[in-house]
Amino acid sequence: MSVHISADELAEAAAGLLNPARAAALSEHVAGCAYCTEMATAISQVPGLLAVESAPTMPGDVFTRLEAVVAAESERRAAEGSQSASEERKRRRRKGGR
Ligand SMILES: [Zn+2]
């Protein structure tokens, strides 16, 4: 089992920022790995990364996307939490009435 390629490196490869040797090793792994192929496809579909030539701090885009996913996930969890909290309140109100 080999280690998967990081989103950062896939993005750099898509933008042509990796040195040829690393890019070759990377594309070899991607060719034989469904997971990394999917990742590379997803990354190549991010429009922001296409403008990487004018933005050398590109990995930030990847982190922004990851952060957005994490934020959405924690928001979802927070929503679930508040739902059970309001249920708790209902239950308490029912109990409170004489
Ligand atoms: Zn992989």
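## Helix α2

Helix α2 covers residues 20-31, and its 12 residues reach 16 Å from the first C-alpha to the last, close to the 16 Å expected at 1.5 Å a residue (the expected span being 1.5 Å times one less than the number of residues). Helices here are DSSP runs of H or I with at least four residues, numbered from the N terminus. Of the 12 residues of α2 the number buried is one, so the helix lies largely in the open; buried requires 20 or more other C-beta atoms within 10 Å of a residue's own, exposed 12 or fewer, with C-beta atoms placed from the backbone.

The model is predicted, with local features needing pLDDT of at least 70 and side-chain atom pairs counting only at pLDDT 80 or more, whereas totals for chains, interfaces and linings use all residues. Residues are numbered from 1 along each chain as its sequence is written.

## Packing of α1 and α3

Helix α1 (residues 7-14) packs against helix α3 (residues 34-44) at an angle of about 60°, their axes lying 9 Å apart. The contact involves A7, L10, A11 and A14 of α1 together with C36, M39, A40, I43 and S44 of α3, where contact means C-beta atoms, placed from the backbone, within 7 Å.

## Residue A42

A42 has its place in helix α3 and, because 12 C-beta neighbours lie inside 10 Å, counts as exposed. Although A42 and L10 are 32 residues apart in sequence, their C-alpha atoms are 9.9 Å apart in space.

Key
Helices (H or I, at least four residues) and strands (E, at least two) are DSSP runs, numbered from the N terminus. Axes are lines fitted to C-alpha atoms, for helices over the stretch in contact, and angles run from 0 to 180 degrees between N-to-C directions. Two residues are in contact if their C-beta atoms, placed from the backbone, lie within 7 Å.
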